[in-house]
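Reader: I am new to this structure and would like to go through it step by step. Could you show it to me, please?
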Amino acid sequence: MKIINSKVDAKLNKVKNLPWCENIVPLLLLFIFVAAVPPPTAKKIYRKSISTIVIDAGHGGHDPGCHAAGVKEKEVTLAVALSVGKKIQEQLPDVKIIYTRSADKFVELWERAAIANKNNADLFISIHCNSTKNNTVSGTETFAMGLKKADENLEVAKRENEVILLEDDYIERYEGFDPNSPESHIYFSLFQNAYMDQSIKLASKVEQQISKGINRPGRGVKQAGFVVLWQTKMPSILIEIGFISNKKDREYLSGNKGVDEIATGIANAVSAYKKSYESSSSAKIN
Ligand SMILES: [Zn+2]
């Protein structure tokens with residue numbers, strides 16, 4: 001990673017060469033990264049209202065995402081994303097909805113963020129499906145960028161970030177990000193700091209609407225480093241709407257009822273967030 005300076009490299013090598021500390025190396029590495037690499041900063045932009053929302057259906061085209069028993073993540077995410085957009089439009093007719101894709105098409109991760117930035121979007125919502133070896137695990141998880149327990153959530157971030165390997169020039173494009181390196185994921189989790197509070201507020205509303213509003217199992221708000229959220233210049237979340245690896249979740253998400261309910265939960269959360277944001281002091285600073 002060229003983003004890590006030589007001082008950090010030297011420290012890492014020093015730590016790696018100590019024979020007695022095998023077990024604490026991951027912790028030390030994390031500490032060194034946080035201590036030695038200044039967190040990336042972004043100019044905080046205050047918005048008076050939420051008027052443009054980008055909805056990002058994960059994967060697409062030659063990237064199916066996770067899949068099981070014939071159900072493909074790229075198809076579920078597209079159906080849910082389009083339904084979320086339609087429902088937001090019905091509830092909030094003044095809001096402009098932009099999709100990063102509205103068909104079965106491969107869109108590189110940097111381009112998804114670029115679409116949001118170019119359109120000066122106020123929110124970025126990326127929709128994905130989860131997968132894990134333990135097929136009894138089910139429910140939604142909503143992520144914001146951040147370091148809190150990022151190591152615990154590494155597996156999800158790793159799986160979602162691996163898609164960049166399908167892109168040309170990914171090493172240059174993502175500043176040396178290596179999807180196989182835990183340090184890369186942890187470093188990336190530090191981006192989006194300026195929007196972290198608002199992203200977490202939106203993520204909480206999504207989890208609330210899903211668990212209480214539509215009565216689905218919600219696994220809560222989490223934080224990790226996602227490449228798709230790396231360069232967005234607005235509050236951004238990534239929703240794992242359920243586990244393709246779990247039979248019940250898979251059947252629910254591949255049916256019209258599931259798509260409609262999950263989309264309702266997300267759209268209601270956006271409406272609640274918009275209402276709360278626009279009546280709060282943060283919208284009135286500018
Ligand atoms: Zn995904």
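Author: Strands (E, at least two residues) and helices (H or I, at least four residues) are DSSP runs, numbered from the N terminus. This is a predicted model, in which local features need pLDDT of at least 70 and side-chain atom pairs count only at pLDDT 80 or more, while totals for chains, interfaces and linings use all residues. Residues are numbered from 1 along each chain as its sequence is written.

Reader: How many bridges join E1 to E4?
Author: Four bridges join E1 to E4, and the two strands run parallel. Two strands count as paired if DSSP finds at least two bridges between them.

Reader: And how do E1 and E5 pair?
Author: E1 and E5 are also joined in the parallel sense, over five bridges. Within that pairing, Ile55 has Ile125 of E5 as its bridge partner.

Reader: What is the order of the strands in the sheet?
Author: The six strands make an open sheet with the order E4-E1-E5-E8-E6-E7, and the pairing is mixed. E4 (96–99) and E7 are the edge strands, each pairing on one side only. From one strand to the next, the twist averages 20°, where axes are lines fitted to C-alpha atoms (for helices over the stretch in contact) and angles run from 0 to 180 degrees between N-to-C directions.

Reader: Which strands pair in the antiparallel sense?
Author: Strand E6 (residues 140–145) pairs with E8 in that sense, over three bridges. There, Thr142 has Ile239 of E8 as its bridge partner.

Reader: Back to E1: how many of its residues are buried?
Author: Five of the six residues of E1 (residues 52–57) are buried, so the strand is largely enclosed by the rest of the structure. A residue is buried if 20 or more other C-beta atoms lie within 10 Å of its own, exposed if 12 or fewer, and partly exposed in between, with C-beta atoms placed from the backbone.

Reader: What is Ile53 in contact with?
Author: Leaving aside neighbours within four places in sequence, Ile53 is in contact with Ile88, Val95, Ile97, Ala121, Asp122, Leu123, Ile125 and Val270. Contact requires C-beta atoms, placed from the backbone, to lie within 7 Å. Ile53 is also among the residues of the largest nonpolar core that touch the most other members, together with Val80, Phe226, Val227, Ile237 and Ile266.

Reader: How many residues are in that core, and which helix gives the most to it?
Author: The largest nonpolar core has 66 residues, and helix H11 (residues 256–278) gives the most to this core, with nine. Such a core is a set of buried Ala, Val, Leu, Ile, Met, Phe, Trp, Tyr and Cys residues joined through C-beta atoms within 7 Å.

Reader: Where is Gly58, and is it buried or exposed?
Author: Gly58 lies in the loop between E1 and strand E2 (67–68). Gly58 is buried, with 30 other C-beta atoms within 10 Å. Its contacts, apart from neighbours within four places in sequence, are Gly65, Glu73, Thr77, Ser126, Ile127 and His128.

Reader: Turning to helices, which residues of H4 are buried?
Author: In H4 (residues 109–118), they are Leu109, Arg112, Ala113 and Ala116. Seen down the axis of H4, these buried residues fall within an arc of 90°, so they line one face of the helix. The arc is that of the directions from the helix axis to the C-beta atoms. What covers the buried residues of H4 includes E1, E5 and H9.

Reader: What about H8: what do its buried residues pack against?
Author: The buried residues of H8 pack against E5, E6, E7, E8 and H11. Among them are Ile200, Leu202, Val206 and Ile210.

Reader: Finally, how many helices and strands does the chain have?
Author: The chain has 11 helices and eight strands, and buried residues make up 44% of its 286 residues.

Notes: Contact = placed C-beta atoms within 7 Å.
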